[in-house]
Amino acid sequence: MSKRKWIAAGLTGTAALLAISMFPSKTPMHNETRPSESASPRQEQHLKQLLLQRDMVATDRLVRHDARQHLKVLSQKLEHSPEQVNSTYIRKLQDEHQHLLSLIWIDSKHEQEFRHPSFTPGSKEDQQAKSYIQLAKKSLSRNQSYESPGFPADDPKYFVAGEPAKKGDHGVIALFSLDILGKVKNHQHKNLRLIPYPKEGRYKMESFHPDTLMDTTVKTGQDNENASHYYENEVVVTFHKPPTQTDLKQIRKDLNSIIPYQKINNTYIFHASGKSMSQLQAYFTSKWNPKFVEPHYLYLTNEITPQAQTMEDTTAAEAPNDLLYSEYQWNLPIIETTRGWKLTKGKSDVVVAVVDTGVDLSHPDLKGRLLPGYNVISPSNKPMDDVGHGTHVAGIISAQVNNNEGIAGMTWGNKVLPVKALDSSGSGTTYSVAQGIIWAADHGAKVINLSLGNYADAQFLHEAIKYAYNKDAVIIAATGNDNTERPGYPAAYPEVLSVSATDSKLNKASFSNYGNYIDVMAPGESIASTYPHNQYAALSGTSMASPHVSALAALIRSINPDLHNTEVMEIIRKNVIDLGESGRDKYYGFGQIDVLAALQAAGSGMSPLQLWPQHVQNEINNLKNKKLQP
């Protein structure tokens, strides 16, 4: 266990999370708050609605803060650049930042407007925008900044901001879109399971109780903890040995199947219109004696290479200059990330796969941080994010640090491998997730983040997990957002490091799942990170907690490449900020991750003491291998 020197966090203001002050405690403290084991559907819905509102307020502030910073830079640049350069620069800026709808440059001689071609507001909205622009002009004439409220008031879609240049007769006014608020709202409705999961995609989805496999109806968000989903007309079959072409031809004839099967090794997915999952299951069990047969489950979102320094000077934290860091990223110092950077900032050869909805490949804060990746859903296309979830996860792990832009990721050097296994609805099948895991393991991922899950124990997925685990990948997964003790998968598999969420006061987040399978905790409430179209959003969920731990695993493998995945997982579990009851408990697992303590335990090129026997065995194996080489 690490020393719990830790932290009291004060929350003030309407956004609750956004004004945080942290005070080092003189004595170790246990978190004595006992989480609620259960809540009524109404209570849980109320808590999640409050959290959703907090995320939206936080996102609104992130958007406005980011806009102000860009306008300050823009007003200075336009003041000193030729007019042609200005117009070219602004058009490029609007292409890259689609939420910058209109920009007005004002100087002593004239004013010029640059309106995004796609921007066509309604007459009422246009009139409101003109009123706020006039107020912005008055503020600029007094050499003052300006920021309007969101409008229309009942459904905010826009806001106006203005920033004066150093010269009193110059300035810039911009109209920004707030459509990200609607996207965050829709995103979190699914991520926090505030609504029953919609029947989207190619096939009809059925909900069932994961214990009894009996049909169930999902009416409220809380019902999700006792429901999982599968494609009704599909089945997953694992044979003892691969079927021959004759066998496959017979199967397709029997099932009258016109959709080609999919396969990984001895496991096949068969689709047959007009036949239920139970009928398909009975057919294969009776006629083909397979190793196992199961539904085709659906998994949902749960949302330079610096040199390592000596271990002596770790008392001072390193504060990055990223624009949103100091005000919004409470999550990094609370887990000792900034002090951990004194030991290592990560290395580019330690790759973290994000098996998710893809990643925004053109986001400026992820520039140079992403590898080509793979799109399981559409292999001929790039793994571009069409939801936002994967982009948010990737930013937590490895957004650029010290670039005066947006947020700071937990690692400076590690690369992210985007693997799109979830489609535009934010869901993915057992097959797509398993294929994504296998592809990542085969393409150099040393850490795999799975911010997704279901309550169904799918053997097919477990086989993929074991495959990656046996290739020495550290696999980390979110536990789920239903405040239930029911084990979620893949987090509950023994090969996986499972992660639940805490808030800024080091309490279990109200939505976070719990249970004896929980390994560690990480921040998961209103986490600021990257979002598609060069934006930033604050999201809550165990999906946001999991990438904190994946980033830590990457840092550990950067400081000590000799460690096996089991050793990395053990270091993370044993070097934590102990919360709740002393030692491991079902609400907090071993405790909240401590980046500094874990990196100190991992050592710089040496094996930590508690792993010395494994280290000695590794060295013996290395010597044997060298002798066997010609």
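In which strand is the place of Gln-592? Gln-592 sits in strand S25, residues 592-593. Helices (H or I, at least four residues) and strands (E, at least two) are DSSP runs, numbered from the N terminus. The model is predicted: local features need pLDDT of at least 70, side-chain atom pairs count only at pLDDT 80 or more, and totals for chains, interfaces and linings use all residues. Residues are numbered from 1 along each chain as its sequence is written, and side-chain values use heavy atoms, with hydrogens and water left out.

Gln-592 is buried, with a relative accessible area of 0%. Buried means under 20% relative accessible area, exposed means over 50%, and partly exposed lies in between (1.4 Å probe, protein chains only). The side chain of Gln-592 makes a polar contact with the side chain of Thr-502, at 2.3 Å. A polar contact is a pair of N or O atoms within 3.5 Å; within protein, one must be able to donate a hydrogen and the other to accept it, and residues adjacent in sequence count only if both atoms are side-chain atoms. Contact in general means heavy atoms within 4.5 Å. Not counting residues up to four places away in sequence, Gln-592 touches Ile-334, Ile-335, Thr-502, Leu-506, Met-521, Ala-522, Pro-523, Val-576, Ile-577 and Leu-579.

Leu-506, one of these neighbours of Gln-592, has a positive phi of about 65° although it is not a glycine. Leu-506 is placed in the loop between S20 and strand S21 (520-523). At 7% relative accessibility, Leu-506 counts as buried. The loop holding Asn-402 runs between H10 and strand S15 (415-420). Asn-402 is partly exposed, with a relative accessible area of 35%. Most residues other than glycine have a negative phi, and most peptide bonds are trans.

Two cis peptide bonds follow. One joins Phe-151 and Pro-152, with omega about -5°. Pro-152 is found in the loop between strand S5 (146-147) and strand S6 (158-164). Another joins Tyr-489 and Pro-490, with omega about 15°. Pro-490 lies in the loop between strand S19 (474-478) and strand S20 (496-502).

The active site comes from a record. UniProt, in an unreviewed entry, places the feature "active site" at Asp-356, His-389 and Ser-543. These positions are spread over 188 residues of sequence but cluster in space, with a largest C-alpha distance of 10.1 Å. UniProt positions are given in the numbering used here, feature names are shortened, and annotations may be inferred rather than shown by experiment. Asp-356 lies in strand S13 (residues 351-356). Asp-356 counts as buried, at 0% relative accessibility. Its side chain makes a polar contact with the side chain of Thr-357, at 3.5 Å. Ser-543 lies in helix H13 (residues 542-559). Ser-543 is buried, with a relative accessible area of 0%.

His-389 is among the buried residues of H10. Helix H10 is mostly covered: 10 of its 10 residues are buried. Val-387 is placed in the loop between strand S14 (374-375) and helix H10 (389-398). At 22% relative accessibility, Val-387 counts as partly exposed. Val-387 and Thr-357 are 30 residues apart in sequence and 6.4 Å apart in space, C-alpha to C-alpha.

Tyr-283 lies in helix H6 (residues 277-288). Tyr-283 is buried, with a relative accessible area of 16%. Between Tyr-283 and Ile-251 there are 32 residues in sequence and 9.6 Å in space, C-alpha to C-alpha. Beyond residues up to four places away in sequence, Tyr-283 touches Gln-250, Ile-251, Asp-254, Leu-255 and Trp-288.The second largest cavity has a volume of about 70 Å³. On a 1 Å grid over the protein atoms alone, a cavity is a set of points where a 1.4 Å probe fits but cannot get out, and lining residues have an atom within 4 Å of a point. A volume is the space filled by probe spheres set on the points, which are joined across faces, edges and corners. The lining includes Asp-66, His-70, Leu-71 and Phe-176. Helix H1 (residues 41-80) gives the largest share of this lining, four residues. By class, the lining has five nonpolar, three polar and one charged residues. Ala, Val, Leu, Ile, Met, Phe, Trp, Tyr, Cys and Pro count as nonpolar, Asp, Glu, Lys and Arg as charged, and the others, Gly among them, as polar.

Definitions and conventions
1 Å grid on protein atoms, 1.4 Å probe; cavity = no way out; pocket = protein on both sides within 12 Å on 5 of 7 lines; lining within 4 Å.
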